[in-house]
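Please look through the protein chain below. The briefing after it is written for a reader new to this structure.

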Amino acid sequence: ADTTRRAAEQIDGGVYLGGLACLLQSKTGNQVDYEPIAVLANQLRRRPSSVVGAVFSLHDFTPAALTLARFTAPQTVLLWQGAEFALALRNSVCVAGLVWKYRQAIELGIPDASLSDFDDITDLRRLNPVGGL
C-alpha cells in the first residue's frame with residue numbers, strides 16, 4: 001500500500017448512502033477559512049465525479065470562506081456549521097440533513113444551505129436517503 005499517498009490525503013471519513021458517496025472533513029477552529037474547502041475540492045477532483053465532500057466546522061466558517069465556497073466549481077463541497085450539526089444530532093436527522101444539503105446544492109447551487117432554516121427540523125425525517133437521490 002502507498003502510505004505516502006494515504007498520509008497526504010488526510011480525509012476524516014466517508015459516508016455511503018444509496019447512490020450518494022461523501023468524503024468528510026472536520027475542523028475545530030473558531031472560524032474556518034476557505035483552505036480546507038479548497039483542499040477537499042481538490043481531493044474530490046481525483047475521485048469519480050459523483051463523489052461529494054462535506055466540511056464540518058465545530059463553530060463557523062469565515063464570511064470569505066462562505067462566499068468562495070459558492071464559487072467553487074464544480075459545486076461538490078457541502079458545508080456544515082457547528083450549531084446546525086448539533087441540531088441535526090439532537091433531532092436524529094444527520095443522514096436526512098446530508099441528503100437535503102446535497103439536494104440544495106443540486107437544485108439551488110448553494111453549498112451552505114442551513115438546516116437551521118427549518119421551522120420543524122423533524123420534517124427532514126420524511127426524506128428517503130436511499131431511494132430518490
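Predicted model: local features only at pLDDT ≥ 70, side-chain atom pairs only at ≥ 80, totals over all residues.

Residues are numbered from 1 along each chain as its sequence is written, and side-chain values use heavy atoms, with hydrogens and water left out.

**Overall layout**

- The protein chain has 5 helices and 6 strands, where helices (H or I, at least four residues) and strands (E, at least two) are DSSP runs numbered from the N terminus.
- Along the sequence their order is α-β-β-β-α-β-β-α-β-α-α.
- Of the 133 residues in the protein chain, 44% are buried, meaning under 20% relative accessible area, with exposed over 50% and partly exposed in between (1.4 Å probe, protein chains only).
- Among contacts (heavy atoms within 4.5 Å) between residues at least 6 apart in sequence, 65% join residues at least 24 apart.

**Nonpolar cores**

- A nonpolar core is a set of buried Ala, Val, Leu, Ile, Met, Phe, Trp, Tyr and Cys residues joined through side-chain atoms within 4.5 Å.
- The largest one has 23 residues, and Leu20, Ala54, Trp80, Leu98, Leu115 and Leu124 have the most contacts inside it.
- Two or more residues of this core come from each of β2 (20-27), β4 (51-57), β6 (77-80), α4 (82-90) and α5 (94-108).
- The largest share, 6 residues, comes from α5.
- Leaving aside neighbours within four places in sequence, Trp80 has contacts that include Ala54, Phe56, Phe85, Leu98 and Leu115.
- Another core, of 15 residues, lies apart from the largest one and includes Ile37, Leu44, Val77 and Leu79.

**Helix α5**

- The buried residues of α5 include Leu98, Trp100, Lys101 and Ala105.
- These buried residues pack against β1 (13-17), β2, β4, β6 and α4.
- After α5 comes Gly109, whose phi is positive, near 70°.

**Salt bridges**

- The count is 2 salt bridges, each a side-chain nitrogen of Lys or Arg within 4 Å of a carboxyl oxygen of Asp or Glu.
- In one, Asp112 pairs with Arg70, with the closest N and O atoms 3.0 Å apart.
- Asp112 is in the segment after α5 and Arg70 is in helix α3 (residues 63-70), 42 residues apart.
- Asp112 is buried, at 19% relative accessible area, whereas Arg70 is partly exposed at 42%.
- Glu84 and Lys101 also form a salt bridge (3.2 Å, N to O).
- Glu84 lies in helix α4 and Lys101 in helix α5, so this pair ties together parts 17 residues apart in sequence.
- Both Glu84 and Lys101 are buried.
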